[in-house]
Amino acid sequence: MATSPTTVTITGAGGQIGYALLFRIAAGDMLGPDRPVRLRLLEIPQGLRSAEGAALELQDCAFPLLEDVEVTDDPRTAFEGCSVGLLVGARPRGPGMERADLLAANAGIFGPQGEAIGEAAASDVRVVVVGNPANTNALLASARAGAVPADRFTALTRLDHNRAVAQLIEALDVRADEIEGVAIWGNHSATQFPDVSHATARGVPVVDALAERLGGRDAAIDWLDESFVPRVAKRGAEIIEVRGSSSVASAANAAIEHVRDEQAGTGPRWTSAAVVSRGEYGVPEGLVCSFPVTSGGSGYRVVEGLDLDDRSRARFEASVAELVAERDAVRALGVL
Ligand code: NAD
Ligand code: LMR
């Protein structure tokens, strides 16, 4: 293989999402069929055997693009030469755990991982944080990553974006590729604002297409307010309720699409990703916030200049307020 391999680091690689990610990455679904990969799997000691088992199975697939797999519990080793980091491993909320406890536990994971990225990663490193609370974990990692530019760190809201598109596919009986202009604003949490006010389906504004199907504009707005927005924002909880544990394959798929589109470019189509705010739409600078984004192949850029009506703006601002509160809670712990 002529091209030199790209080092991809996956944290929490012995967990559920890790298992759903590894084989697709090794098969070329994320970086394409021309880019060989070298995988670095980071786990905590209790997760090492599971990651080692996955590494054995990767070997048994004999993927032509897979040059090497290394399993480690040392972040510095895991991020050595890393160009693509998927930060999946996180501390889940346990019984009786307050939000501040969760943020503190994750600060103990994402701070040191950020430092290891700053010390050891390749100069072109890009990172997506999947582990929750994903936006604030990305903020933590980027704050500790030394000279790595903060905008190399993003957090996953592509799953929310895909969930919104999926609800529209069902409601409007269209295909995914016929829907454009969906946006997820804010935090990857139940406060997020899934927005279709700029979206079209087969070139028709989504609100008009819904009005046509549901018998008028008021019915369309009701469906969006009462069904669509809460269903998308609480879909994670719905999956947990039905499956008994959080989403895995859909989350891994979204992470792969996030990295693929960031690296290969989106063209003019939007997607959604949580990126470091430069003050767009009045979001405080430095917060890792979800926006509609495009990529020309060298990182996501926020789609600017969209009009948000008062109700939409209020919803977006409520989610941004949650991000500010998370950031302030982490600051109060002295880890930011
Ligand atoms: P899991 O418990 O199956 O796997 C997590 C793995 O991370 C475990 O193997 C654990 O040993 C490992 N881990 C814990 N701390 C670590 C550390 N410091 N370094 C390396 N590895 C570590 O969980 P999962 O189902 O794979 O989910 C992982 C995370 O993804 C959770 O936080 C979950 O809430 C989140 N998630 C996010 C989205 C999203 O859209 N952003 C969607 C689904 C799940
Ligand atoms: C999801 O969106 O599926 C995950 O973030 C899990 C959760 O807690 O909602």
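This report covers helices, salt bridges and selected residues of a predicted model.

## Helix packing

Helices α6 (residues 158–172) and α7 (residues 206–214) pack against each other with axes 10 Å apart and an angle of about 35° between them. The crossing of α6 past α7 is left-handed. On the α6 side, L168, A171 and L172 take part in the meeting. Their counterparts in α7 are V206, A209, L210 and R213.

Helix α5 is described here by its burial. Nine of its ten residues are buried, so α5 is largely enclosed by the rest of the structure. The buried set runs through A134, N135, T136, N137, A138, L139, L140, A141 and S142.

The structure contains 25 salt bridges. One of them joins E70 to R40, with 3.4 Å between the closest N and O atoms. This pair links distant parts of the chain: E70 belongs to strand β3 (residues 66–72) and R40 to strand β2 (residues 37–42), 30 residues apart. E70 is partly exposed at a relative accessible area of 29%, whereas R40 is buried at 10%.

R202 and E178 also meet through their side chains in a salt bridge, at 3.2 Å from N to O. This pair, too, links distant parts of the chain, its members being 24 residues apart. R202 sits in the loop between β10 (200–201) and β11 (204–205), and E178 in the loop between α6 and β7 (179–180). R202 is exposed, with a relative accessible area of 53%. E178, by contrast, counts as buried at 17% relative accessibility, since the cut-off for buried is under 20%.

In the pair R313 and E317, the side chains form a salt bridge with an N to O distance of 3.7 Å. Both residues lie in helix α11 (residues 310–332), and because they are four residues apart, about one helical turn separates them. An α-helix has 3.6 residues a turn, so residues three or four places apart point the same way. R313 is partly exposed, with a relative accessible area of 27%. E317 is also partly exposed, at 44% relative accessibility.

Elsewhere, R158, E257, R260 and D261 are joined into one network by salt bridges that share partners.

V320 is another residue of helix α11. At 10% relative accessibility V320 counts as buried. Beyond its neighbours within four places in sequence, V320 is in contact with V283, P284, L287 and C289. V320 and E212 are 108 residues apart along the chain, and their C-alpha atoms are separated by 33 Å.

## R158 and its surroundings

R158, a member of the salt-bridge network with E257, R260 and D261, is located in helix α6. R158 is buried, with a relative accessible area of 8%. Its side chain also makes a polar contact of 3.2 Å with the side chain of T271.

Setting aside neighbours within four places in sequence, the contacts of R158 are A254, E257, H258, R260, D261, T271, S272 and Y300.

## R152, a buried arginine without a salt bridge

R152 lies in the loop between α5 (134–143) and β6 (153–155). Side chains of opposite charge can pair when their charged atoms come close. R152 is buried yet has no salt bridge, and D151, the nearest side chain of opposite charge, is 4.4 Å away. The cut-off for a salt bridge is 4 Å.

A polar atom of the R152 side chain lies 3.0 Å from the backbone oxygen of V125. Not counting residues up to four places away in sequence, R152 touches S123, D124, V125, R126 and V127.

## M30

M30 is in the loop between α1 (16–27) and β2. Its relative accessible area is 2%, and M30 is buried. With neighbours within four places in sequence left aside, M30 is in contact with V8, R24, I25, V84, L86, I256, V259 and R260.

M30 and A120 are 90 residues apart in sequence, and their C-alpha atoms are 22 Å apart in space.

Terms used:
Residues numbered from 1 in each chain as written. Chains lettered and ligands numbered in written order. Predicted model: local features only at pLDDT ≥ 70, side-chain atom pairs only at ≥ 80, totals over all residues. Heavy atoms only, no water. Helix = DSSP H or I, 4+ residues; strand = E, 2+ residues; numbered from the N terminus. Buried < 20%, exposed > 50% of the residue type's maximum accessible area, 1.4 Å probe, protein only. Lys, Arg positive; Asp, Glu negative; His and termini not counted. Polar contact = N/O pair within 3.5 Å; in protein donor to acceptor, adjacent residues only side chain to side chain. Contact = heavy atoms within 4.5 Å. Axes fitted to C-alpha atoms, helices over the stretch in contact; angles between N-to-C directions. Left-handed = near helix turned anticlockwise from the far one by under 90°.
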